[in-house]
Amino acid sequence: MNGRTQTRPTRNTETTILQEALEAFEEVTALPIAAVREHVRLPEGVADAIVELPGGRRLVIEIKQALTPATLGQAAAQLARFKRPGAVVARYITPPMAEQLKALDVLFMDTAGNAYIRFPNFLIYVTGRKPKAPAPRERRVRALRPTGLKVIFALLCRPDMIGAPYRDIARAAGVALGTVGWVLFDLKRLGYLRETKARGRVLEERQRLIDAWVEAYTRELRPKLKPRRFKVANANWWKTEDLAAFDVWLGGEPAAAVLTKHLRPEIVTVYGDTRFATLARKIQPIKDEHGNLELLQKFWRFDAPRYDKRFPLTPPLLIYADLVATADARNIETAQIVRERFLD
């Protein structure tokens, strides 16, 4: 298979990336820094590590083997969840990526010695340093390819299906029957699925699986859903149309606005293009790559729980994923509300 799919770094890989990043930071800044603990369970979730700088300044750490524009928002959202100072640690952060992270005020370090660390009366910003060696080839995980992501999505949104027959899972996910077996095998191997005598299949580490799915969805599956952008003169068209009649599901910003009452949508994301031509005759969209309407194919086949009587909404996991994919600060803030209320 072609592509560059990976899961989270393994624990050994995480330790290596962290150690190399700390050593590079000390070399470049001449300041001591040390890992206090690794794989730390906090009230908000599991952090990869906690590091300490001079003066007792501590940072919660999220480790990424690779950081790209597609996964930037998810990295920021993961750190925001801990509600305490934190930083992303990666193998290499390019200058453009460093600027984006700094604009979002997301602290970072990498193994080349690039860093953005900020506390009151304490600022370090280093960028432009090149990695000493090319990154090793990323390990491939089929479960985080597009068809595997559909299966994981069904299981995360419908936990009652984890013990269902393969045929039922395949139908709900909209994939071939043979796909289910190797996805469940991968989930077992990665520590996300366990077989028990008393309960059958059990999903483990749900929050970390959500993180893995969201990161891979933005990179792998979303581009396959034929995303298209349009401009609609009436930005509030979605509030008055009968979306269910057109088999259209609200996602992203408008769905989050309905769920949380915390956001004024700028981009209306909808899933479901089978009857869009009929809807288009009413709302008269114009193709515009920077427009205020985004249309994607609906990829799930299961009945999702209804969270609003008036509007058909995509499952909260997808709302969360679409919000963090924007890497927009206001959307990331709202994404945290969605996650705390509907995904914990």
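This is a predicted model: local features need pLDDT of at least 70, side-chain atom pairs count only at pLDDT 80 or more; totals for chains, interfaces and linings use all residues.
Close-up 1. The C-alpha atoms of L79 and V60 lie 7.7 Å apart, although 19 residues separate the two along the chain. Among the elements of the protein, α2 has the lowest mean pLDDT, at 89, whereas strand β10 (residues 228-231) has the highest, at 98.

**Close-up 2. Strand β5 and its two partners**. Strand β5 (residues 107-110) is covered on both faces, with L107 and M109 buried on one side and F108 and D110 buried on the other. Strand β4 (residues 86-90) runs parallel to β5 and is joined to it by four bridges, and V89 stands opposite M109 of β5. Between β4 and β5 the chain passes through helix α3 (residues 95-103), giving a β-α-β crossover that is right-handed. Strand β6 (residues 115-119) pairs with β5 in the antiparallel sense over two bridges, and A115 in β6 is the bridge partner of M109. Four residues lie between β5 and β6 in this hairpin, and G113 in the turn has a positive phi of about 100 degrees.

**Close-up 3. I61 and the nonpolar cores**. The largest nonpolar core has 113 residues, and I61, I117, W213, W237 and F299 are those with the most contacts inside it. Not counting residues up to four places away in sequence, I61 touches L18, A47, D48, A49, V51, A87, V89 and M109. A second, separate core consists of six residues, among them V40, L42, A47 and I50.

**Close-up 4. Helix α7**. Helix α7 (residues 206-221) spans only 20 Å between its end C-alpha atoms, whereas a straight helix of 16 residues would span 22 Å at 1.5 Å a residue. Of the 16 residues of α7, 13 are buried, so the helix is largely enclosed by the rest of the structure.

**Close-up 5. T314 in the loop between β14 and α10**. T314, in the loop that lies between β14 (293-296) and α10 (316-325), counts as buried at 0% relative accessibility. Leaving aside its neighbours within four places in sequence, T314 is in contact with W249, L250, G251, Y271, W300 and I319.

Key: Residues are numbered from 1 along each chain as its sequence is written. Side-chain values use heavy atoms; hydrogens and water are left out. Buried means under 20% relative accessible area, exposed over 50%, partly exposed in between (1.4 Å probe, protein chains only). Contact means heavy atoms within 4.5 Å. pLDDT is the predictor's confidence in each residue, from 0 to 100. The expected span of a helix is 1.5 Å times one less than its number of residues. A nonpolar core is a set of buried Ala, Val, Leu, Ile, Met, Phe, Trp, Tyr and Cys residues joined through side-chain atoms within 4.5 Å. Two strands pair if DSSP finds at least two bridges between them. A crossover is right-handed if, with the strands pointing away from the viewer, the path from the first strand over the helix to the second runs clockwise.
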